[in-house]
Amino acid sequence: MEPIFALDIGTRMVMGLVMTKNDEQGYEILASAQTEHRQRAMYDGQVHDVDEVARAVAKVKALLEQKVDFPLKQVAVAAAGRALRTEVAVAEHKGLLPVRWERENVLALEIEAVHQALRQLQSSTGDDLQSYHCVGYNPIARWNEGEEIANLIGQRGRVAKVSVIATFLPRTVVDGLVAVLGRVDLEMTSLTLEPIAAGQAAIPPNMRRHNLALVDVGAGTADIALTRSGSFFAYGMVPMAGDEVTEEICKHFLLDFKVGEKVKREILKKKQLSFTDFLGAKVVVDQSEVLELIQSVVGKLAGNISKEILKLNDGVPHAIILIGGGSLTPLLCELLAETLGIPQNRVGIQVRDRLGEIHGEKSLKGPETITPIGIGIAALEGNGLQYYTVSVNGTPVPIFALQLTTVAEALLAAGIQPRSFFGKPGSALTFEWNGEMQVIKGTLGNSAELLVNGKPGKLDQSLTAGDEIIFIPGEHGKDAQISVKDILPVQNPKWIFWNGERERYAPQVFVNHKLVLETDHILDGNKISYIANDDLSNLLKQKGYNLQEKEDLEISVNGEIHTFHLLHEVLVNGNTAEGNIIINDGDCIEVRKVQLTIGDLKLKPNPITFYINGKEMKYPTQETIITSQGRPVQEDELLIDGMDLRVVGYKQMPILSDLLPYVKFSDEVPPGSTLTLIVNGQPAEFTTVLCPGDRLTATWN
């Protein structure tokens with residue numbers, strides 16, 4: 001078998017191995033190399049300084065190439081276990097009519113569910129900008145018309161639904177690794193997760209039937225993997241590790257991080273430790289003093305690891321196996337045993353010497369070598385995520401395949417939305433036409449066009465490295481769209497004369513009670529009313545006339561209010577229209593209000609009442625005089641609403657002599673008698689002007 005290059009890019013150290021597999025002897029390490037980052041370029045397993053990490057990788061690569069005497073072009077790496085995310089999501093498709101679900105329809109629905117899982121993941125992390133690589137998915141349930149079914153393909157229905165479980169890695173984690181490797185001309189061919197890789201090397205398959213906890217203690221994180229019944233069943237992570245201890249030492253003694261790291265590593269090797277602080281002072285301390293200093297932070301680390309183990313395992317495991325450089329942290333084993341309540345001998349550090357079937361490079365002995373060895377084993381056994389590149393519309397797309405990758409998964413990785421795989425039917429248009437509901441359907445959509453290496457392809461077609469995909473999205477059907485003229489009945493306009501003016505009499509359309517043009521478009525939900533141009537009734541509707549509607553006219557006559565109800569009348573070609581009639585081209589229509597004149601009121605003035613010698617007397621009117629606001633008016637004048645009319649029968653009031661002919665005197669007048677005239681008890685003359693109601697007394701004395 002061809003040798004592989006296994007690379008462990010840690011927070012503190014980069015270690016590389018060139019390994020091969022021998023069917024008889026197991027695995028052989030042909031060469032190894034390691035170096036530390038010159039400065040803190042990795043935090044919690046995440047690349048933060050690409051150039052600095054690339055410098056360390058280049059150094060390891062160069063050392064290995066010198067030892068094996070051949071160039072290294074491809075590499076197997078591992079991502080931090082904390083990065084893996086899984087989500088369960090559901091996608092549903094509803095159609096207007098039942099259809100038969102073909103394989104491509106079902107696959108597109110599955111990819112839509114993966115997209116939904118990605119949206120759920122982004123929502124749960126609280127960072128919508130974070131993007132992820134989908135490294136695999138599996139359907140877990142399917143439904144047709146609400147009934148769960150084993151396989152949707154070939155089924156017929158209107159509603160289909162699938163549920164999937166999808167696995168993701170943050171793009172920042174993968175892209176950071178790819179960027180580093182690209183700086184040193186390395187191509188990533190296999191990616192595994194650090195706890196999975198470490199577990200393959202540290203715990204042989206025959207020991208996985210025990211309930212064991214593997215803890216990979218690094219500089220920034222502690223990854224946890226649990227075994228039971230022959231396999232790993234749970235993974236977890238604690239976001240603290242050896243750096244916490246180093247920082248405590250640096251803070252207490254005011255040290256540079258590198259000096260603090262050196263002090264930590266020498267705690268168990270020397271009874272007295274000497275070093276120079278940041279200000280240049282030389283410091284000498286006892287081992288016991290430093291152990292006492294770090295006990296609280298190591299206890300916190302042990303407590304967090306124990307808490308995570310108990311949560312994942314739902315109980316205390318049989319034993320704890322520590323690997324990674326951070327596993328050498330003083331007091332960690334003791335405090336782990338104490339917090340978990342297990343014997344001290346059930347917490348141990350796994351080292352290279354106890355690994356079976358690992359040959360070569362005997363100098364590799366520490367627990368920090370376990371993870372890179374596991375990365376190599378995963379790559380040699382094909383257990384990692386196979387990484388390669390395909391092209392989608394000319395853009396390189398990285399592919400991580402837990403299984404054989406399909407065109408659909410490549411399109412998903414390229415960020416192409418599943419909704420573009422198949423064109424949706426255009427939306428229908430629903431509206432109300434003179435009180436009746438009408439529906440106009442949109443056009444059907446077209447499926448996407450797929451070419452794989454220049455030939456027609458399918459969504460479920462398998463891919464290999466270097467394949468070129470051309471994807472032309474499916475076209476959606478056009479939404480239903482019509483204008484007013486498209487639904488109007490065929491009725492030609494007419495030219496008529498309306499109240500003397502030549503006008504075009506055409507149908508009228510109202511949308512939501514607003515007049516629209518024939519060229520206007522109808523929108524969904526519109527309420528449309530239509531008035532034809534056929535008869536007098538529709539003409540009056542268009543003009544806003546209601547012949548049954550009366551108009552009130554109020555006038556005042558000598559202070560008394562009178563109300564009149566005025567009607568309208570319609571003349572067609574000079575004749576009064578009786579009922580509804582057809583309107584023809586060229587007809588003359590006149591609508592007028594029935595008017596009243598002052599003469600129509602037949603106003604008569606009232607006589608003036610006087611009292612002569614105790615008897616009532618009606619003085620007759622002399623003429624009829626009608627005025628409005630002091631202005632004389634004629635009988636042929638039209639009445640106006642609010643008009644105030646005054647009707648009198650005299651130009652001027654009578655004088656006393658005008659009433660004497662109406663006085664009845666006795667037939668005999670005594671000689672020498674004198675006519676005595678009294679008005680309202682006062683002596684009066686023949687010329688005295690009278691007023692209505694005056695009391696007159698005339699006697700001969």
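This is a predicted model: local features need pLDDT of at least 70, side-chain atom pairs count only at pLDDT 80 or more; totals for chains, interfaces and linings use all residues.

Student: Okay, which strand is Ile320 in?

Tutor: Ile320 is found in strand 17.

Student: And what is Ile320 in contact with, if I skip its neighbours within four places in sequence?

Tutor: Leaving those neighbours aside, Ile320 is in contact with Ala213, Val215, Ile309, Leu336, Leu340, Ile342, Arg346, Val347 and Gly348. Taking Leu336 from that list, the C-alpha atoms of Ile320 and Leu336 are separated by 8.5 Å, and the two residues are 16 apart along the chain.

Student: Leu336 sits in helix 8, I think. Which residues of helix 8 are buried?

Tutor: Helix 8 covers residues 332-340, and its buried residues are Leu332, Cys333, Leu335, Leu336, Ala337 and Leu340. As background, an α-helix has 3.6 residues a turn, so residues three or four places apart point the same way.

Student: What do the buried residues of helix 8 pack against?

Tutor: They pack against strand 12, helix 7 (287-313), strand 17 (319-323) and strand 18 (347-349). Just after helix 8 comes Gly341, which takes a positive phi of about 70 degrees.

Student: Which residues have a positive phi without being a glycine?

Tutor: Glu145 is one of them, with a positive phi of about 55 degrees, and Asn613 is another, with a positive phi of about 50 degrees. For context, most residues other than glycine have a negative phi.

Student: Where do Glu145 and Asn613 lie?

Tutor: Glu145 lies in the loop between strand 8 (132-144) and strand 9 (147-148), while Asn613 is found in the loop between strand 37 (608-612) and strand 38 (615-619). Glu145 counts as partly exposed at 41% relative accessibility, and Asn613 counts as partly exposed at 34%.

Student: Changing topic, how many disulfides are there?

Tutor: The count comes to zero disulfides.

Student: Let me try another place. What does Trp495 touch?

Tutor: Trp495 lies in strand 27 (residues 494-498) and is partly exposed, at 36% relative accessibility. Not counting residues up to four places away in sequence, Trp495 touches Arg502, Glu503, Arg504, Asp585, Gly586 and Asp587. Trp495 and Gly586 are 91 residues apart in sequence, and C-alpha to C-alpha they are 5.7 Å apart in space.

Student: And Thr627, is that buried or exposed?

Tutor: Thr627 counts as buried, at 18% relative accessibility. Thr627 lies in strand 39 (residues 625-628), and, leaving aside its neighbours within four places in sequence, it is in contact with Pro632, Val633, Asp644, Leu645 and Arg646.

Student: What about pockets? What volume does the second largest pocket have?

Tutor: The second largest pocket has a volume of about 790 Å³. Its lining has 38 residues, and Val217, Gly324, Gly325, Gly326 and Glu368 lie nearest its centre. Among the elements that give two or more residues to that lining are strand 1 (4-9), strand 12 (212-217) and helix 5 (242-253).

Student: How many lining residues of that pocket are nonpolar, polar and charged?

Tutor: By class, the lining has 12 nonpolar, 13 polar and 13 charged residues.

Student: Last thing, what about the whole chain?

Tutor: The chain has 13 helices and 44 strands, and along its principal axes the C-alpha trace spans about 180 × 70 × 45 Å. Its radius of gyration is 53 Å, whereas a compact globule of 701 residues would have one near 27 Å. Buried residues make up 46% of the chain, and among contacts between residues at least 6 apart in sequence, 63% join residues at least 24 apart.

How values were computed. Residues are numbered from 1 along each chain as its sequence is written. Side-chain values use heavy atoms; hydrogens and water are left out. A disulfide is a pair of cysteine sulfur atoms within 2.5 Å. Helices (H or I, at least four residues) and strands (E, at least two) are DSSP runs, numbered from the N terminus. Buried means under 20% relative accessible area, exposed over 50%, partly exposed in between (1.4 Å probe, protein chains only). Contact means heavy atoms within 4.5 Å. On a 1 Å grid over the protein atoms alone, a cavity is a set of points where a 1.4 Å probe fits but cannot get out, and a pocket is an open set with protein on both sides within 12 Å along at least five of seven lines; lining residues have an atom within 4 Å of a point. Grid points are joined across faces, edges and corners, and a volume is the space filled by probe spheres set on the points. Ala, Val, Leu, Ile, Met, Phe, Trp, Tyr, Cys and Pro count as nonpolar, Asp, Glu, Lys and Arg as charged, and the others, Gly among them, as polar. The radius of gyration is taken over C-alpha atoms; the globule rule is 2.2 Å times the number of residues to the power 0.38.
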